Amino acid sequence: MSEEADYSAEEAELQAAIEAVLASSSRKKLVIAGPGTGKTTLFKRLLELSPGGRDERIVLTFINTLKDDLEDDLGEMAQVYTLHSYCLGLLYRHPALRGPLSEDFTCRPGLAGLIADDYKFIHGEDAPRFVGKMRALADDDDMRFYLERGVYYAAADFDDAVYRAYQGLKAGHVPVDSFQLVLIDEYQDFNAMEAGVIDALAETSPIVIAGDDDQALYSQLRDASWDHIRLLNDAGDYEVHKLPFCMRCPKVVVDAVNDIITRANELDRLAGRIDKPYKHFPPVKGSDSAKYPRIDEVETTVQRQTANYMGQYIAQAIGQIPDDEIQESLNGGYPTALVIVAQPYRDQIVRYLEDAGYEVDTKRDSEGRLTRETGLAILKSNAESNLGWRIILAADRPAFLGDAVRATADNLTLLADSVPVDYRKHVLAEAEAYELPQQTEGAAPQGEGELRPSIKVTSFEGAKGLSAQHVYMVGLHDGELPHDPQSIKDLEICKFIVGLTRTRKKCTLIHTRNFAGGWKVASCFLDWIDPTRLAHLRVDADYWRQRAADDAPGRGGVALTRGSSRLASLAAEAQNIRRPTHWQWSEYKRS
């Protein structure tokens, strides 16, 4: 069969999968969609066919990074929110939902921590896990304490905004919104409370839920569970569809993911997993697959601040990314390079990249927590704000903190009246003098003819919703990922899959033999990938000496001319070097 005929068959299979969703008359549809399989394109087609206008359609996801991308793509056709911001909107619109919470309440991430601290001062014992109780839909005295303190501070955190909205909707205080179409993205990352709000919407509106249990990373951070999407898949209330082709990743990454799933099944991991196709799509990714036929596996002999081989290698690899790939990422609004890394390697790598002259984005979606400056800004506009005073006290931790909080246990006494007069005068003087931060302009324009790659450094969880031309997964060692190779957790498998599938062009897996004097063993996950898919490269002192000799004077192997074939040739030569097996690494460590 010709290559053209193969393409035609694959395009026909993809079109049939999409048309099955579009043609369905079911009011409840579940789309199982692996990484890069075209959910956004499907959402766009669904919105184009939906009756009503923009305000009669809604798209919900769970973090701002994903919301921003969906808004760019779909914002002209539908309202796009995180579930938290949608529930905040419900509270602002409906007095019956917010109850005694003032109409001018504010959303303050970090409020839950302050209230937990209050509980300890007032009750003399450790606070319950308030956020966990909300997510489990608890309704008890502990939650009443929390909600009343939120009223006292005229504020809500993300989770309690959803909790208040859910409880009010469940009690029938207001009718559930009705839309012409509800689209839900990344359903596997919602917890029971959030799933409850979605269930309510599903009873009043046609709904399409999309997700993939292989990408569920938030069970530890957000009490999310892949059980929700698996139950929908099995229960029969939703018509189930599956998107078969990955249109983001080159073939070698798709094949590696299937290797991992196969090995996980052999080891009786991922029990209850939704079976789904995950195929390479040559019409879109054929040329990238030919250009990048291998995943690079880079072993550094050492990693420490004074021999920062990981950072140095990533810097020179980014320096080789071709101009057309940089421009493509800038036009598309996604990173040129994505470094997925945790401590203790993260800071060393970021420092090296910045010292090499690169601008590095290290922002997290959860940033924007309460700071002393937040408190001063609040007090500048309202000198009696309980929340403003509480934030200042949390930052200063004065000796009278406990007494001040206990004096407000009735939720009536102003916190400003419970602090010493001299302290109050001093803080109010600070607030009066405080200059609100100015809005910063966008990134400085690039010089004429200059292309600067965009680089983001994040965690596995932070990588959710992202993709990049080149992905570098760093710190792949037993004891880290996975934490215990004899007892591998499903979540760890999902992390590895998510990291790999951020890749648009090329993926590089990096580990070291020795970190700061301690021996390391390469992650056993690397043995789950067919070795023919990996190009092995050893980075040691000789490697850098050779690079320094080969490169132009002054570069020292840090940032080569973009498009240089030097690294590719070295990687090709190194393919004959077989990486030791997990057992051999263990034997080496013992010796």
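**View 1. The whole protein, for getting your bearings.** Buried residues make up 53% of the 591 residues in the protein, where buried means under 20% relative accessible area, exposed means over 50%, and partly exposed covers what is in between (1.4 Å probe, protein chains only). This is a predicted model, so local features need pLDDT of at least 70 and side-chain atom pairs count only at pLDDT 80 or more, while totals for chains, interfaces and linings use all residues. Residues are numbered from 1 along each chain as its sequence is written, and side-chain values use heavy atoms, with hydrogens and water left out. The protein has 25 helices and 19 strands; these are DSSP runs numbered from the N terminus, with helices being H or I runs of at least four residues and strands being E runs of at least two. Take the contacts between residues at least 6 apart in sequence: 80% of them join residues at least 24 apart, a contact being heavy atoms within 4.5 Å.

**View 2. The annotated binding site around Gly36 and Lys39.** An unreviewed UniProt entry places a "binding site" feature at Ala33, Gly34, Pro35, Gly36, Thr37, Gly38, Lys39 and Thr40. UniProt positions are in the numbering used here, with feature names shortened, and annotations may be inferred rather than shown by experiment. Gly36 sits in the loop between strand S1 (28-33) and helix H2 (39-49), and at a relative accessible area of 17% Gly36 is buried. Setting aside neighbours within four places in sequence, Gly36 is in contact with Phe245, Cys246, Met247 and Arg248. Lys39 belongs to helix H2 and is buried too, at 13% relative accessibility. With neighbours within four places again left out, the contacts of Lys39 are Ala33, Asp185, Glu186, Ala210 and Leu243.

View 3. Glu186, in contact with Lys39, has a phi near 60°, a positive value in a residue other than glycine. Look for Glu186 in the loop between strand S6 (181-184) and helix H10 (192-202), where Glu186 is buried at 5% relative accessibility. Arg397 also has a positive phi, near 50°, and lies in the loop between helix H19 (386-396) and helix H20 (401-406). At 44% relative accessibility, Arg397 counts as partly exposed.

**View 4. Cysteines without a bridge.** The structure holds zero disulfides, a disulfide being a pair of cysteine sulfur atoms within 2.5 Å. Cys246, one of the contacts of Gly36, has the sulfur of Cys249 as its nearest cysteine sulfur, 3.7 Å away. Cys246 is buried, at 0% relative accessibility.

**View 5. Helix H13 and what it packs against.** Helix H13 (residues 251-266) has 16 residues and reaches 23 Å from its first C-alpha to its last, close to the 22 Å expected at 1.5 Å a residue; the expected span is 1.5 Å times one less than the number of residues. Buried residues of H13 include Val252, Val253, Val254, Ile260 and Ile261. Strand S9 (245-246), strand S10 (279-280), strand S11 (295-300), helix H22 (490-500) and strand S16 (503-512) are what the buried residues of H13 pack against. After H13 comes Asp268, with a positive phi near 60°.

**View 6. The largest nonpolar core.** In soluble globular proteins, nonpolar side chains tend to be buried together. A nonpolar core here is a set of buried Ala, Val, Leu, Ile, Met, Phe, Trp, Tyr and Cys residues joined through side-chain atoms within 4.5 Å. Of the 118 residues in the largest core, Met473, Phe496 and Leu509 touch the most other members. H13 gives this core its largest share, eight residues. Leaving out residues up to four places away in sequence, Met473 touches Phe460, Phe496 and Leu509, among others. Phe496 is one of the buried residues of H22, a helix in which 11 of 11 residues are buried.

**View 7. Two cis peptide bonds.** One joins Gln343 and Pro344, with omega about 15°; Pro344 is in the loop between strand S12 (337-340) and helix H17 (346-355). Another joins Leu481 and Pro482, with omega about 5°, and Pro482 is in the loop between strand S15 (468-474) and H22.
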